[in-house]
Amino acid sequence: MTTNPDNKKPQKVLATYVIIALVVTLVLNIFVMPWLMERSVKETSYRDFLMNLDAGQIKEVEFDAESYTIYYTIEVNERTQICKTGILNMSDELIERLYTSGVDFTSVIPTQSSPLMNLLFGFILPMVIFAAIGQMLFKKMNSNMAGGAMSFGKSNAKVYVKSSTGIKFSDVAGEDEAKELLTEIVDYLHNPEKYREIGASMPKGALLVGPPGTGKTLLAKAVAGEADVPFFSISGSEFVEMFVGMGAAKVRDLFKQANEKAPCIVFIDEIDTIGKKRDGNFSGNDEREQTLNQLLTEMDGFDGSKGVVILAATNRPDSLDPALLRPGRFDRRIPVELPDLQGREDILRVHAKKIKIADNVNFRDIAKAASGASGAELANIVNEAALRAVRDGRCFATQADMEESIEVVIAGYQKKNRVLSEKEKLIVSYHEIGHALVAAMQTNSAPVHKITIIPRTSGALGYTMQVEDGEHFLMSKEEIENKIATFTGGRAAEELIFHSITTGASNDIEQATRLARAMITRYGMSDEFDMVAMEHISNQYLGGDASLACSAETQTQIDQKTVEVVRAQHEKALKILQDNISKLHELAKYLYEHETITGEDFMDILLRK
Ligand code: ADP
Ligand code: MG
Ligand code: ZN
């Protein structure tokens, strides 16, 4: 037997329709039909009745003694018309006349309705119907209102206990600092005496901050998995309610529950939803502010030694209200940054355990090629590799699968049906080789892992996978300049070979400009402005919008300087390509024919005499 819970809904809807149909039929039968019938009956005088009778036009007569009415039908223009008139007297003479005229006549037998039936139809049935309709409306309203009318202000925090998530610290790769800090909290919850002896008290709250997809939510779940205490998890958006005051009520309820269950952990994901800076704007969101105030009050109110630890996660720490961040509330800030090379390798390994994969896969290489990828992207890369293996009918994933899926995750799927024209393909080949050649000549090393000129769904026509050997934390002025030259290399190759330029360089232009600008406004790498910051970055974990902080004249100067920097590098790139034009032709031809070129092939051709 199969019971599908989803069946309930259609059944309910059906029942609703049946009830509505019944009600409508009843209403029609009881009220509308008699009324319509009444309307179609023509009222005539007694005299008319007698005249019709004499004229022999009447076909049928019916006496209704109860209402003293005579109903009779006449034929008018081939149509039967029902007429009525009052009974004057039921004399024998009338009956005699009817009899002789040959009309069919009867008397209506009064309906024998029992008092019980009367009661049922006249009183109980309408009541039942009203009750049913009322019930239905009430239920509908209930389900429409978030949380239901009866559960106003109840927090819907899910309680996780140790076994339910099953995620351990070992499932989180990299992020060692974050794990260390969180391990301490878990340890405190398990044996608080150790800490109390010295007089240390645990931080009341810890805030996980970092870019999206770096494993903040995962870390919190791992804490739940490691700690032997109840774990309340709620997302910031769940506090946001239609009615003012509801969010605050939910916060109250959450902390009440937490206090009852202490020691325990409360995790508020995406806390920036409710923790935004309060500003004096009129458009300020009353509800959100109340919720935040309640949160602040609750965090102050409870006794830290009881063992309620509040974890929160956000990728917009700079938008949080300062009151939330002050010591005593979220006094520990745990950065969860993008993984470094080792971290990326570990994350790949953790996720590769979940799929069948060849033994000879070099995770280090994959990690190198996926520089800048977040944990979520790496997890996705591994999964894409497995999907690709299935698509090809293999039973395990290979190194090639992994490499291809880096491109898929970062650049989008290969577009099978979009073919480049021969001319376009040639331009793209020269463009991509232009980038790579400029990069190679500046550093004397393999600049790329692989170049492909297969169009991607993301719109990129070619894709260059840069190698990043080792981790870079500092970049010298020369390195930035070389980078800008590399960005301009694509366009430079087009100019040199085709003497015309295309739109293909728009992304390069953007990136080159951003770097050049940052050199001047943020890194103090120009002679004019010395070490003065001309712009600052807000929202550093979400793309980082820069906003200028200087006078209009300085802005003009900055713009001029930016153009100068990019132009100088563009000229340098042109010169490099000019000097190596035979290699440019050779490499571009190879790429054009093979549609893909690896770093080794590239260096082979470049170093070949
Ligand atoms: P966020 O920081 O945005 O909350 P999540 O914690 O939701 O990111 O991470 C999304 C997914 O990415 C996780 O479910 C996990 O599969 C993967 N992931 C992210 N970081 C890591 C990591 N350090 N180790 C292992 N997997 C990770
Ligand atoms: Mg998250
Ligand atoms: Zn380019």
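Modeller: Happy to; below we talk about the ligand site and then some salt bridges. Keep in mind that this is a predicted model.

Colleague: Which residues come nearest to ligand 1?

Modeller: Ala173, Gly213, Lys216, Thr217 and His351 do, out of 16 residues around ligand 1.

Colleague: And which polar backbone atoms lie by an oxygen atom of ligand 1?

Modeller: One belongs to Leu218, at 2.9 Å from a ligand oxygen. Another belongs to Ala376, at 3.4 Å from an oxygen atom of the ligand. On its own, ligand 1 exposes 560 Å², and the protein buries 80% of that. There is also a nitrogen atom of ligand 1 that lies 2.8 Å from a backbone N or O atom of Ala173.

Colleague: Nice. Which helices supply at least two residues of the shell?

Modeller: Helix 8 (216–226), helix 13 (341–352) and helix 15 (375–391) each do. As for domains, domain 1 (165–335) and domain 2 (343–411) each give at least three residues to that shell. By type, the shell has seven nonpolar, six polar and three charged residues.

Colleague: Switching topic: how many salt bridges does the structure hold?

Modeller: There are 18. One of them joins the side chains of Glu345 and Arg349, at 3.0 Å from N to O.

Colleague: How far apart are Glu345 and Arg349 in helix 13?

Modeller: They sit four residues apart, so about one helical turn separates them. Glu345 is buried at 8% relative accessible area, while Arg349 is partly exposed at 40%.

Colleague: Which residues are linked in a network of salt bridges?

Modeller: Arg388, Asp392, Arg394 and Asp401 are. Within it, the Asp392 and Arg394 side chains meet at 3.0 Å, N to O.

Definitions and conventions:
Residues numbered from 1 in each chain as written. Chains lettered and ligands numbered in written order. Predicted model: local features only at pLDDT ≥ 70, side-chain atom pairs only at ≥ 80, totals over all residues. Heavy atoms only, no water. Near = heavy atom within 4 Å. Polar contact = N/O pair within 3.5 Å; in protein donor to acceptor, adjacent residues only side chain to side chain. Areas by Shrake-Rupley, 256 points an atom, 1.4 Å probe, with all protein chains shown as cover. Nonpolar A, V, L, I, M, F, W, Y, C, P; charged D, E, K, R; others polar. Domains from an automatic or database assignment. Salt bridge = Lys/Arg side-chain N within 4 Å of Asp/Glu carboxyl O. Buried < 20%, exposed > 50% of the residue type's maximum accessible area, 1.4 Å probe, protein only.
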